[in-house]
Amino acid sequence: MTLPSSSVLIDRFDAILSDLDGVVYAGPSAIPGAVEALSGLADRGVGLAYVTNNASRSPEQVAEHLRELGAPATAEQVVTSPQAAARLLAERLAPGSRVLITGSTALAAEVSAAGLEPVWKATDEPHAVVQGFDPGLGWKDLAEASYAVATGILWVATNTDLSIPQARGIAPGNGTLVAAVQAATGVTPVVAGKPEVPLFHAAAARLSSSRPAVVGDRLDTDILGGNRAGFATIQVLTGVNTARDALNALTLERPTHLIAELGALYRPYPETVHDDGAWRVGEASAVVEGDRVVVTAEEDSLDGWRAACAAWWSAVPETEAATDPELVWRTR
């Protein structure tokens, strides 16, 4: 694919497929600069969709929250894992089949819209279970899911994010609740949302995009899913994963771009150059010496981290497990 010639990062893409938690907001508050960055996309002719694993709210509720923060958003721009889960269930079950809801009323609404009947107890003899995040879920809800899953019926999880960024810090996500049911039953669910590919393809199709970029803070959902979909991936450092996490990442979780926050979409993105054994990004450079990466830059330099990633990923192009090279920082 030939990209437009521009040093400004956003001009390389015709659409942004953005995660929410840890990218646009943390808890109820917008991340500084995020709203302004999203609001500027339309003026540059760049489409925008929000791709989220959060199953606790409907697309309209998500869009309303975004508008309250000042970000541009309609329900049609919000692509959710509950939508993907409902489509998956509808593909595998007969119309009108009963589905036990372990999650929010928003998740139940998506299941109902797919032509299936939401139920809330294992004694309702469901044909499947769908589990999505809801902060109000308790032990009794997980027990009902476990009773039903143990009968051998289809179990679909909207997502398996282990954590959610909140204003006060990192909190348990849907993956921790799914793990509780899995531990009780010994069964592994089918996962509908990120990092599975359909959610990203659906978002790009809504925007008629041929050059989308997936923007997210999590390597194991946003970046992995975007890479699997064949799209450019941009990791922002305002959420769960750090630049060190990117350096250590397994191959399929390595982002194609690394930025501090969404506002960096409007700034030049430095070229990575391989020169005489070293990888150079701006004034920073990095070389690999055995199991260590020697970086010539200040330790808080993002170009230094970009150079370190380029050098290490070149030395270890294929890995199915996280790595942990020693990092040595040197200043000029």
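The structure is a predicted model, in which local features need pLDDT of at least 70, side-chain atom pairs count only at pLDDT 80 or more, and totals for chains, interfaces and linings use all residues. Residues are numbered from 1 along each chain as its sequence is written, and side-chain values use heavy atoms, with hydrogens and water left out.

Strands (E, at least two residues) and helices (H or I, at least four) are DSSP runs numbered from the N terminus; two strands pair if DSSP finds at least two bridges between them. Strand 4 pairs with strand 5 (residues 78-80) in the parallel sense over three bridges. Strand 1 (residues 15-18) also runs parallel to strand 4, and four bridges join the two; here Leu 17 stands opposite Ala 49. Strand 4, helix 2 (residues 59-69) and strand 5 form a right-handed β-α-β unit (clockwise from the first strand over the helix to the second, with the strands pointing away from the viewer). Strand 4 (residues 47-52) is largely enclosed by the rest of the structure, because five of its six residues are buried (under 20% relative accessible area, 1.4 Å probe, protein chains only).

Spaces were located on a 1 Å grid over the protein atoms alone: a cavity is a set of points where a 1.4 Å probe fits but cannot get out, a pocket is an open set with protein on both sides within 12 Å along at least five of seven lines, and lining residues have an atom within 4 Å of a point. Points are joined across faces, edges and corners, and a volume is the space filled by probe spheres set on them.

One cavity of 30 Å³ or more is present. The largest cavity holds about 170 Å³ and is lined by 19 residues, with Asp 21, Asn 53, Asn 54, Asp 161 and Ile 164 closest to its centre. Strand 10 and helix 8 (219-229) each give two or more lining residues; the largest share, three residues, comes from strand 10. The lining comprises four nonpolar, eight polar and seven charged residues (nonpolar: Ala, Val, Leu, Ile, Met, Phe, Trp, Tyr, Cys and Pro; charged: Asp, Glu, Lys and Arg; polar: the others, Gly among them).

The largest pocket, of about 250 Å³, has 13 lining residues, and Asn 54, Phe 133, Pro 135, Ile 164 and Gln 166 lie nearest its centre. Strand 10 (163-166) and strand 11 (169-172) each supply at least two residues of this lining.

How values were computed:
Buried means under 20% relative accessible area, exposed over 50%, partly exposed in between (1.4 Å probe, protein chains only).
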